[in-house]
Protein chains: 2
Amino acid sequence: MNTLSLPSLQAEYAAVLARGLSLDMSRGKPATPQLDLSDGIQTPLTDFRDKTGFDVRNYGKPDGIEDIRDIFADLLDIPPGDILIGGSSSLNMMYDTVARHMSFGATPTSVPWSKMSGTPKFICPAPGYDRHFAICEAFGIEMVIVGIDDNGPDMDAVESAVADPNVVGMWIVPVYSNPTGCVYSEDTIRRLANLRPANGDFRILCDNAYAVHHLYDADSTPNLHGEAARAGNSEMVYTFFSTSKITYCGGGVAMVASGQGNVAYTRAITARQTICNDKVNQLRHARYLGSAERLREHMTRHADLLRPKFEAVLSVLEGQLAPHGIGKWTRPRGGYFISLDLPHGTAKRTHQLAAAAGVTLTPAGASFPYGVDPCDSNLRIAPSFPTVEENITAAEVLCLCAKIAFAEGHTD
Amino acid sequence: MNTLSLPSLQAEYAAVLARGLSLDMSRGKPATPQLDLSDGIQTPLTDFRDKTGFDVRNYGKPDGIEDIRDIFADLLDIPPGDILIGGSSSLNMMYDTVARHMSFGATPTSVPWSKMSGTPKFICPAPGYDRHFAICEAFGIEMVIVGIDDNGPDMDAVESAVADPNVVGMWIVPVYSNPTGCVYSEDTIRRLANLRPANGDFRILCDNAYAVHHLYDADSTPNLHGEAARAGNSEMVYTFFSTSKITYCGGGVAMVASGQGNVAYTRAITARQTICNDKVNQLRHARYLGSAERLREHMTRHADLLRPKFEAVLSVLEGQLAPHGIGKWTRPRGGYFISLDLPHGTAKRTHQLAAAAGVTLTPAGASFPYGVDPCDSNLRIAPSFPTVEENITAAEVLCLCAKIAFAEGHTD
C-alpha cells in the first residue's frame, strides 16, 4: 500500500485551489442532453380526448387518465386499479401520504399518528434519501436507523423493530437505492412483504424512483406491491413512482399504488384537496411515451449518457484511492448515485476541503437521519449533471481531499 | 301576481319527463369552445430557459419562475416577492395552507391549530363555496356562518366573531363570489383589512378565483392584499389564484400570495414537500399569456362565450318566476354562478324534481356549511357548460319545478 505525504498532497491541493473550479456533484440532476431526449413531448396535442373520450382540458378524473395509468401499470407490473395518478412530484405524494396519516390515520377507523399515545417511529435504512428523513423530521416522527448492504436493509433489525407498536412506517428505495445503488434481494423483498408488525397500521413507503433507471441490463427484483398482496399484506405498502428522471424533472407525472382499501381512502381524502391533477400533462406524457416498452427503450438513451459518467468516476476512485487502501465505494448498475465510505471521521473534512476547492458534494451526513453519520464516513456522489471530463476532474479533487483528510488524521 | 294551478303544472312536468332530458348545470365547468380559446398554449417550447436563463426542465426554483409570477403580480397588483407559484390547483394550495396550520401552526412559534385547547373555528360567509367548507369539515374546524349580501359578508357579524380567540380563520371570495356573484364593496374590503382578531394567528383565506372573470366591463374593488399591508395586517391574508378557468381546468398554474413572514414560512415547510412544481407548464403559460394586458384580452373572449348563457338563464327566470313573485336571484357581472333564492322550504324539492326531469343542479344546501341551508331556499346555477339553448331548456325546467314546489306548499 502506497504511503501518503501530507506536504506533497497540500502542494497539490494549493494548485487545485488556484484553478478556481466550480463543479457540482451534489444532487441527482439529469444533464441537459438527457432533458433533450424528451423534446418530442412538446408535440402539440390536437386531440384532447383520453382513451375513454374524456376531454382532458376540463375538470374531472381525479384518479388521472387511463392512458398514463395503464403504461405505469404495465411498466411496474401493478394492477391499473391499484394506481392513482398525482401531480408532477412523487415526493409531494409521499409527503401528503405521511401528512394524511398524521392528521387522519391509516384507515377511516384508525387513530391519527399525531394522536398516538407514544411518538410515532419510522424505520429508516441508512444511508438513505435525505428528503425522506426531512419529512419525518417535519412531522416529529422518530427515526429508527437500520443498516443497509448490497441485499438491502438489515432485515433482522427490521423484523425486530416492527415488534414496537409505536413503529408505524418504513422508508425504502428497493431498486438502485439512494445513495448506495443496491437492488434489494428477493429474500429481502419477501421478508418485507411478510412482515407482521405489532402496529396494524404500519405502512412501508416504497419510493421506486429508479425502477427503470438501469445503466446496464435491467436488474430485477420481485415487485413488493405484488409480493405483499400475495402475503395478504396489500394494505401495508404504498409504492411511489414518477417520470421526473424519465422526461422533465418536476414536470413529469407522479403516481402512488396500494391495496384497494388504501386507494379508496386516499381518493376520499384527496377529493377534499383538489378537483383533479394536470391531465393535459398526463395525456402529453402518455402520447409521447407510448407504452411500457417504448418507455424502456427511452431509458436506454438515458443510460447511454449516464454510464460513461459513472464509469469515469469509478475509474478515478479505483486509480486514486484503492492503491492507498482508502475507502470503499459502490459500483451501482443503475440509479443516480455512487456511495463512498471513507475512513471513519474523515467525511466532513473531505467535504469541506472539496467545497473550498470548488467541488460541491452533498453535505457529509445528509444521507443519515438528522444529518448525522455516526461514523462520519459516508459521502454521496452524483455524477449525472457534470460532463464526463468534469466528473473526472471533480473525482480527482475529491480523491485528493479524501487523501488529505486521511493523512491529517494520521499525522496529529 | 299570476296564480299557479298545480294540476296544470304537473301536466307540463309530465311532458318534460317524457322528453328524457340530460342537462348539467351543477358545476362551474367551462364549455369546450372556452377550452379551445387556449389552443395556442400547445405551441412547442423551443427555448426552455426562463427570463433568468434557468432551464425549466430541470429541478430547482421551488417558488416558480419569474416569467409567470410577474404576470400574476401585474394582473393582481401584488408585489412579485409576495407570490409563490404552485402546481395546477389553487384549491390544493388552500387545502395545504389549512393542513400546514393544523400540523405546524400559523408561524414558526405558534401553537398548531390541531393542538389548541378549544376547537378551531372558521368564519364562513354563506352561501359560499362547498369545497372551502369541505376542507374545514375534513380537519374538524367548526364553521361559524355569517350572512352575505351584495356588499359582501355581514361585517358586523365578522367583527364580532373575531373577538372569539378560537376563531382562527375565514374564507372569502371577494370578486364575483361563489355563488352569489357579488363583488365585495370598498368598505367591506377595508373593514376586512383592518380586523383586529383576538387570535393573533387569525388568517383570511382569500380565494380570488374570479379576479379577472368579468362578463361585462371590469368591476373593481380594492385589493385585500394591499389594503391589509397598508393596515399593518399583511400576515393576516393569504390570496389564492389560478388559471384554471383562464386556460385549462386543473391544467393551469396556481399561486398564493401573502406577507413576507408567511411567504418565508410557507417556503420553508413546502421545501419538505416537493423539490419544485411543474415549471415547464409555468413557462408554457407565461409564453402564451404574454402579459397581464393580453391575459385580460383573452378573458374578454371567455366573456363573449359566457355572457349569452347568463343572460339566457336570467331572462327565463325573469319571464317564468317574476310574474308569480317566486324567488329572487343575483344578476352577476362576472364569475361562474347565478344564486337563486326560492321560497323557504322549496329548494330541496325543486332540486329533486329537476333531477328527476334530467336537469342536474348542485345539491340544495351545498353552498352552506355542513350542506345545510337553514331556509332550504338557495340553489346555485352554473350556466357555463351547457349551450345557450340547453341553458334555456334547463332554466325553463328549473322554473317549472320551482313553481310546482311552491304550489305544492300552498295546496296542502
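**Exercises on a predicted two-chain model**

At 0% relative accessibility, B:F122 counts as buried (buried: under 20% relative accessible area; exposed: over 50%; partly exposed in between; 1.4 Å probe, protein chains only). The model is predicted, so local features need pLDDT of at least 70 and side-chain atom pairs pLDDT 80 or more, while totals for chains, interfaces and linings use all residues. Residues are numbered from 1 along each chain as its sequence is written, chains are lettered from A and ligands numbered from 1 in the order in which they are written, and side-chain values use heavy atoms, without hydrogens and water.

**Exercise 1.** Classify the ring pair formed by B:F122 and B:W171, and state which strands hold the two residues.

*Solution.* Step 1: rings of Phe, Tyr and Trp (its six-membered ring) pair if their centres lie within 6.5 Å; planes under 30 degrees apart count as stacked, over 60 as edge-to-face and the rest as tilted. Step 2: for B:F122 and B:W171 the centres are 5.7 Å apart and the planes 50° apart, which makes the pair tilted. Step 3: B:F122 belongs to strand β3 (residues 121–125) of chain B and B:W171 to strand β7 (residues 167–172) of chain B, so the pair ties together parts 49 residues apart in sequence. Strands (E, at least two residues) and helices (H or I, at least four) are DSSP runs numbered from the N terminus. Step 4: B:W171, at 2% relative accessibility, also counts as buried.

**Exercise 2.** Determine how chain A is laid on chain B.

*Solution.* Step 1: superpose the copies by least squares on the C-alpha atoms of residues with pLDDT of at least 70 in both. Step 2: a turn of 180° and a shift of 0.0 Å along the axis give an RMSD of 0.0 Å. Step 3: the two copies are therefore related as by a two-fold rotation axis. Step 4: within chain A, A:P44 comes closest to the rotation axis, its C-alpha lying at 3.2 Å.

**Exercise 3.** Describe the sheet of chain B that contains β11, β12 and β14.

*Solution.* Step 1: two strands pair if DSSP finds at least two bridges between them. Step 2: the three strands form an open, antiparallel sheet in the order β11-β12-β14. Step 3: β11 (328–329) and β14 (378–381) of chain B are the edge strands, each pairing on one side only. Step 4: four bridges join β12 (residues 338–341) of chain B to β14(B), and B:D341 has B:N378 as its bridge partner in β14(B).
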